[in-house]
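Me: I have a structure to go through. Please take my questions one at a time.

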Amino acid sequence: MTATSESIHRTLKDFFGFDSFKGEQEQVIRSLLEGKDCFVLMPTGGGKSLCYQLPALMMEGTAIVVSPLIALMKNQVDAIRGFVAGNESVAHFFNSSLNKQQMDEVKADLRSGKTKILYVAPESLAKGENVAFLKTIKVSFYAVDEAHCISEWGHDFRPEYRRIRPIVDTIGNAPIIALTATATPKVQSDILKTLGIPDALVFKSSFNRPNLYYEVKDKLDADKDIVRFIRQNPGKSGIVYCLSRRKVEEMAQFLQINGIKALPYHAGLDAKVRAENQDKFLMEDVDVIVATIAFGMGIDKPDIRFVIHYDIPKSVESYYQETGRAGRDGQEGVCITYYSYKDIQKLEKFMQGKPVAEQEIGKQLLNEVVAYAESSQCRRKLLLGYFGEDYLVDNCGLCDNCLHPKKVFDGRLEMKLVLRLILSLKEHFKLEHLAAILAGNDTAMVKSYNHDKIQYFGAGDEHSERFWAAVIHQGLIMHLMDKEIESYGLIHVTELGKQFLENPWPLNLVEDRQFSSVDTDDDDDDEMAASAAAGAMRGGGGDAQLLALLKDLRKDLAHKLGLQPWILFGDPALEDMSILYPITIEELRNCQGVGEGKAKKYGKEFVALIAKYVEENEIERPDDFVVKTTAGKSDRKIKIISQIDRRLALDDIAHNMDMDMIDLLDEIESIVSTGTKLNLNYYINTQIDDFIIDELFDWFRSESVEGTLDEALGALGSDYSETEIRLCRLKFLCEVAS
Ligand code: ADP
Ligand code: MG
């Protein structure tokens, strides 16, 4: 058909209400209208849907849209029906949620030609009866959304996507438009090949998200760090991603205990709860959603201000996709990832038992994650390079590595050595192998090729394998070498690399960052308990006694200086002091609104007062900051937790609180049952013999036991005292059964 620019713009305005196209939308739409196959690569939020929805409305016949997100189909269909007022038939979907009668209605509309767009889940498209039916209608074109699902190298492989091409052949030929928000060169080539559209017009927008800030942090005290970050950003929406459901639950609870409005989201939750939690996040009833990757696909919330990865994602693509949910409105978007090599090893372990090919792919993708995380190069450059895009700015100014650049060195000689090695091995080897040879590590692979015998073996043994890997990674970014797409990973020397070898020019290289190898086991329950209790201890507004002293001091000082008190430090600053107990000028600066100038000018007396107060009251200061508030905990519970935190004997606590031991145990049991972990060992160890603890633990551990208090008292009451049973049960609940 012939479509004038005018008719395309009119459709845009009349149906979608937009005045102009975004990016290359118009060119895509024109090409599709002209019957050409198209391949659209646009970052999330780029406006891919319009690229097929608009031409579908203009063309004769029905556009078949393959999309993996059944949950979102209804929304999409509703949206299109909204554009075309009063015409329910214009859009439909085929998926497993339809019953027979609904399906018949949809088919009737399709037959009558009223339906312009049909969304189809890949499973439904594969069904013989559906294929047979679709053969009978006129198809305007096929759109394959989230097209990366077709590739095993993508972050969301769906085997059914591979059947699209043969099914299209059966239903009847029409142009194909494939769309995705993430595609490495390997995935791109897979998409074109598997869909059988080698000559498709490729529309690729830049994947740069200039407003996003990227940072990778050592995974030390990540829980606390996250609380601190969120508390410094009150009222902002954010996502915290964890890999396991268990960690999601723990983290959500930990944030809640610390007064942050957070909810969990993962596939193990009841569908209703999950939907509710998502809605609350979208409606801003909660600020933070703690989620596995199941959350976020198709989430359109434009003002997500931060995305935190507590656990590093399995691939750089997933990382890009998930961080991409921040700042879709172009405003602030902070992306922080916690990294520990141990997590990589854990992910590797998860892969064991999967088919070998899948493991191979998984490992390669993980290697790239490691390279990204440990690199000292501009993160933007690394990410865009990963998608085959050059980022030519030297310092992006908005990532950790650009804000804190590492010293560079002239790596001419090192790069030459690498390039020569690659050529001498006929460009047949992968990065890790090359790095091992230069560092002189005789790995099994190296030995199996007799590469421990060649002249290059150990030629760079003054440096580590990591060093050499970093050199190669940078050579790739500089296009001196390239990774084979088909074989994925074999490294060859480019034309530019050959020129460099002949006539080397100065190269600025950086060494990778060193990350801590300290154990960061995320079962840091003790820390959680301590923090939770510390938080509880300070209640909502910090240490009231200290706050009063600080206010007096401020008044006195202000009087002396002839200034209004708030000019010294505002109330939020004093409040933070009563929570954080800073005792150095350095620490003081962690308080709200306390800059370097103020800290130096007025801070001395304040930190001196706090130091004295801390000493006199034997306050156990949190090492760097303190978590806050205990929404929903009664005053009595807070007092108990705070005393346990200070390791008072339970008898003393009972006495202080004017309770008897049984009441106190009741209260503690109720605290523990809501998820707060307490460390009672200091008391239990002085009260109960080890062997009794062991015996009781064995009992609680046994399979047949449910662990309720009544059950335990009934079964054990004749051999042990009630206090022994209850204390051990508490210990068990806090240490084992959670
Ligand atoms: P993608 O699928 O690429 O992530 P969507 O198709 O969901 O992006 O579009 C993202 C947002 O951009 C939507 O809210 C959509 O309404 C909006 N949008 C799309 N095209 C335009 C346009 N030409 N002008 C203004 N907004 C647009
Ligand atoms: Mg989309």
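Me: What share of the contacts in the protein chain with a separation of 6 or more comes from residues 24 or more positions apart?

Reply: This is a predicted model, where local features need pLDDT of at least 70, side-chain atom pairs count only at pLDDT 80 or more, and totals for chains, interfaces and linings use all residues. Residues are numbered from 1 along each chain as its sequence is written, chains are lettered from A and ligands numbered from 1 in the order in which they are written, and side-chain values use heavy atoms, leaving out hydrogens and water. A contact means heavy atoms within 4.5 Å. Among contacts with a separation of 6 or more, the share from residues 24 or more positions apart is 73%.

Me: How many helices and strands are in the protein chain?

Reply: Both are DSSP runs, numbered from the N terminus: helices are H or I with at least four residues, strands are E with at least two. The protein chain holds 35 helices and 17 strands.

Me: What percentage of the residues of the protein chain count as buried?

Reply: Buried means under 20% relative accessible area, exposed over 50%, and partly exposed in between, with a 1.4 Å probe and protein chains only. The protein chain has 738 residues, and the buried part is 53%.

Me: Which residues of helix 9 are buried?

Reply: Helix 9 covers residues 185-194. Its buried residues are covered by elements including strand 1, strand 6, strand 7 and helix 13. Just after helix 9, glycine 196 takes a positive phi of about 65°. The buried ones are Lys186, Val187, Gln188, Asp190, Ile191 and Leu192.

Me: Is glutamine 321 buried or exposed?

Reply: Glutamine 321 is found in helix 13. Leaving out residues up to four places away in sequence, glutamine 321 touches Thr44, His155, Ala181 and Thr182. Its relative accessible area is 10%, so glutamine 321 is buried.

Me: Where is histidine 451?

Reply: Histidine 451 counts as buried because its relative accessibility is 6%. Leaving out residues up to four places away in sequence, histidine 451 touches Leu425, Phe429, His433, Ile437, Val446 and Phe457. Its place is the loop between helix 20 (444-448) and helix 21 (465-477).

Me: At what angle do helix 1 and helix 2 pack?

Reply: Axes are lines fitted to C-alpha atoms, for helices over the stretch in contact, and angles run from 0 to 180 degrees between N-to-C directions. The axes of helix 1 (residues 5-16) and helix 2 (residues 25-33) are 11 Å apart, and the angle is about 115°.
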